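Have the sequence and the coordinates open side by side.

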Amino acid sequence: MNTLIVISVLAMVVLYLGLFKAGKSLLPVSVAGLLLALGLAVAEWDVNPAPIYKGMMLFDNFAIAFSVITILGTVLILLLSKNYFEKISEHVAEYYTIILFALAGIVVMVSYHNLSMLFIGVEIMSVSLYILAGIKRRDFASNEAALKYFLMGAFSTGFLLFGITLIYGSAHSFDLEVIKQYVLNNANGGINPMFYTGLSLMLVGLCFKIGAAPFHFWTPDVYEGSPTLITAFMSTVVKTAGFAAFLRLFITCFAPLADFWLPTLIVITALTLFIGNITALYQSSFKRMLAYSSISHAGYMLFAIIGLGTAAINAVLVYATAYTIASIIAFAVLILVKKQTGTDNYEGFNGLAKKNPFVAFALTIAMLSLAGIPLTAGFIGKFFMFSSAVAQYQIWLVVIAIINAIIGVFYYFRVIVAMYFKEGKNLILATPLQFRFVLAVSAILTIVFGLYPSLIAGLF
Amino acid sequence: MNVLILIFLPLLGALLALVAKNFAKQAALLSSLITLAIAGFLLCCFTPDASTQYLVNYPWITQMGINFKAGIDGISMLMVLLTAGLVPIIILSTFKHKYENAGAFYALVLFMQSGLLLVFTALDGFLFYIGWEAALIPIYFICSLWGGQNRIQVNMKFFIYTIAGSLFMLLGIIYLHLQTPNNSYDIADFYALQLDSQTQSWLFGCFFLAFAIKMPIFPFHTWQPDTYTEAPTAGTMLLSGIMLKMGIYGVIRWLIPVVPLGFQQWGHLAIILSVTGIVYASIIAFTQKDMKRLIAYSSIAHVGLIAAGIFVWNVQGLQGAMIQMLSHGINVVGLFFIADIIISRTQTRELALLGGIAKPAPKLAIAFLIITLGTVALPLTNGFIGEFLLLNGVYQYCIYYAAVAGLTIIFGSVYMLRMYKAIMQGNTNNLTVNFKDISGTEIVTLFIITFLIIVVGVYPQPILHISEAAINHLIATVNAKL
């Protein structure tokens, strides 16, 4: 709980720091504040399992684990922001504030115990993101991204809200516990058809938010048009939060109705995997490839929701962590390359390894992890996902996932091939200290989790 | 003393090679020799019965029931010896090359050795899979970074092929894990499973795909000739000498004993594919004009016979496969080394452009002859005993298959001796007249290889003895379940 308060207060403090022209202190204060929030979250581990605020929020271990991942991800991304926003505008403090507000929304999303809180969390986060996507005011792509994101986001929120209303109509409460009881009590045929409609609409709304096919159309354009740093935030932290919210709802309330929604979800998963991977294959822009790959990773993460149960929480936790740290490396290197070459195509990476062995090595680890090659965290994530699906005897779904994993190798290795095996312009990337730090930490974490996943997989 | 040291020592060596910069190759050689010494020590203390020795078993990912369980029995022992013995030879064979970024090169070679040793000693399904892939990643980079012209596409194909196979194997492993009563990946629990025949059939398919691609068995071999040709010689040696044995070992340890009923249904098809591969690859080898490609196809033919010997699943076949894996490893490394010597001096792989090298290079000619004879399975060379046992095994299964498989010896002699003739005999030409004979580390390397060929050929009994009990035990286990 304290985590949420600290993050919200921190956002205000940062805003005021901007007012007093304390530009240099923005980043240190934000990071320090987030680390404080992180510490407070960890301190609540195993402590307070009861819902608080009249059942509005529940800071159980699930909420804490996902808060920690999202906060850590935000810290890493903020560290990459040095001199990034300054180039866009003088009012830097607002950007930090908005990111922090988005994070506050995310913390609500992972710890809701009441559907109204889910809605509020999603909206706090989304509204912040609409602004962030458009912070490059004079850039056409950025404006397009913001508008598209806003329209699609509003549309999907409509679905979500309508779904919540219908569920309220049948269960007479927003409270997860009450809805769960309603489902359990009426499991043998007594459930109001309105409830099923509400469930479907919520499914659609949540699939929009996590960018699962066929509700993914906004993702590539928004991810490509937004400033790279914001894209990194959206495709890692925000996506993780979306899955946490999704999982919490389905595990707590809708698990007994799996017969109803599982077929739909399986189709969605298969579609997401194929569309994400096959389209990613044909991209010439690294950034756009990452956008599509994030769709395909949403597909893999949906496996957990198909698997359900505590093993599924572990699986999402591991997968989201692996995916987040690997993507942060990818986006960090992309920012560096783009700054120097002005392009985010694969060609920009040609011959990078010659003069920048460290950066190239970190990016290689990230790509191996995203491709799911063993000894990296990404493999463990995929392994957990496959296990949870095989446990439900969804063998064909795993076969589909395997085919997609093979396709994935193609496009992730393209950048490795470009860096190591192709001749380039021998350019030396200027790598600021923070970037080195983020790259090193993320690469080491990727390997450590790959070798000893019990560090995170043992939480539940 | 346990198997952990053996597995992790090459990793330390890899770090050392990275740090040692200018002395990378010496550091790598030192590391591989220490590994060999440890393997030798393990061999000395090894009791050749059916038990698993030097066992380690640590909890690793406890939530998933994954343990770091590894150990050595008679079958693993031979594979460990193969790996530990060939890597120093391979490293020694590179001493005359100047690799750009040598530290990374040798580090990757040693990293791969570690992965291979893990594959050959793992007794936990997950651990086996990790080793399986850990051996693949370094060889991909070795071949792509230091390979020839078309290395990027060729190695991509290789990588995709193998990873596709192994992902299906992963699916099989996960499925088996979920069937075990105590939620484990332990191979003993896999052996104890009683699955119905239909399930075993598709599981057989999953595992077979991975192993067949790795060996490679016809028709999954299409990646192999290109990859062998484009790889740097050390990479080719690692691939052909050791890595393809992963597939064979996998069949012996992880395929047939785990899904015996699946094997009963599909084993016949596997034998047909293996035997077809022998003939097919031999015929293609006849027509090759490129030295490296010829050796690559000959390797497919030899592996086809080994695979056939395993799938007939009797003592002769399996014992023959064990010793032939060693022999083939030694011979093929020798052949590729000689090819490398010739290519680096004449800058060509075309057989037609070579000839008469025996005159300026008599030492090379002798070594080449011994290795060729070993490859064509002349009695008193190492190839003979293996192929004899293998054919014997296939004969017991079906005489017609043995007849077809036996062609490998005739075909093999034809294309190998044809290659020898084209390269070494005849008249010298502009390219070969000033050919410098072997010297220094080349002599040492070839001496070791030829020495092994003759010693194993004359007195194979100790080697057969190491794996005998383990093989008998394994066959009994499977036959009890059929």
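Where does A:Leu375 lie in chain A? A:Leu375 sits in the loop between helix 15 (357–371) and helix 16 of chain A. Helices here are DSSP runs of H or I with at least four residues, strands are runs of E with at least two, and both are numbered from the N terminus. The model is predicted, so local features need pLDDT of at least 70 and side-chain atom pairs count only at pLDDT 80 or more, while totals for chains, interfaces and linings use all residues. Residues are numbered from 1 along each chain as its sequence is written, and chains are lettered from A and ligands numbered from 1 in the order in which they are written.

Stay with A:Leu375. Its phi is positive, about 75 degrees, although A:Leu375 is not a glycine. A:Leu375 is partly exposed, because 19 other C-beta atoms lie within 10 Å. The cut-offs are these: a residue is buried with 20 or more other C-beta atoms within 10 Å of its own, exposed with 12 or fewer, and partly exposed in between, with C-beta atoms placed from the backbone.

Now follow the chain into helix 16 of chain A, residues 377–391. The expected span is 1.5 Å times one less than the number of residues. Of those 15 residues, 14 are buried, so helix 16 of chain A is largely enclosed by the rest of the structure. After helix 16 of chain A comes A:Tyr393, with a positive phi near 60 degrees.

Helix 4 of chain A is mostly covered, with 19 of its 20 residues buried.

Next, the cis peptide bonds. In chain A, the bond from A:Ala213 to A:Pro214 is cis, with omega near 0 degrees. A:Pro214 is in the loop between helix 8 (193–210) and helix 9 (218–225) of chain A. In chain B, the bond from B:Phe218 to B:Pro219 is cis, with omega near 0 degrees. B:Pro219 is in the loop between helix 8 (197–214) and helix 9 (224–230) of chain B.

Move along chain B to B:Gln347. This residue is in the loop between helix 13 (315–346) and helix 14 of chain B. B:Gln347 is exposed, because 9 other C-beta atoms lie within 10 Å.

Helix 14 of chain B (residues 362–375) meets helix 17 of chain B (residues 441–458): their axes come within 10 Å and cross at roughly 35 degrees. Axes are lines fitted to C-alpha atoms, for helices over the stretch in contact, and angles run from 0 to 180 degrees between N-to-C directions. The crossing is left-handed, meaning that the near helix is turned anticlockwise from the far one by less than a right angle. Among the residues making the contact are B:Ile370 and B:Gly374 of helix 14 of chain B and B:Leu446 and B:Ile453 of helix 17 of chain B. Two residues are in contact if their C-beta atoms, placed from the backbone, lie within 7 Å.

Turn to the hairpin. Strand 1 of chain B and strand 2 (residues 66–72) of chain B run antiparallel, joined by 6 bridges. Strands pair if DSSP finds at least two bridges between them. The hairpin has 4 residues between its strands, and B:Gly65 in the turn has a positive phi of about 70 degrees. B:Gln53 has B:Ile72 as its bridge partner.

B:Ala70 lies in strand 2 of chain B. B:Ala70 is buried, because 27 other C-beta atoms lie within 10 Å. Its contacts beyond four places in sequence include B:Val3, B:Val56 and B:Leu127.

Finally, the two chains meet: 24 residues of chain B are in contact with 21 residues of chain A. Helix 6 of chain B gives the most to the side of chain B that touches chain A, with 13 residues.
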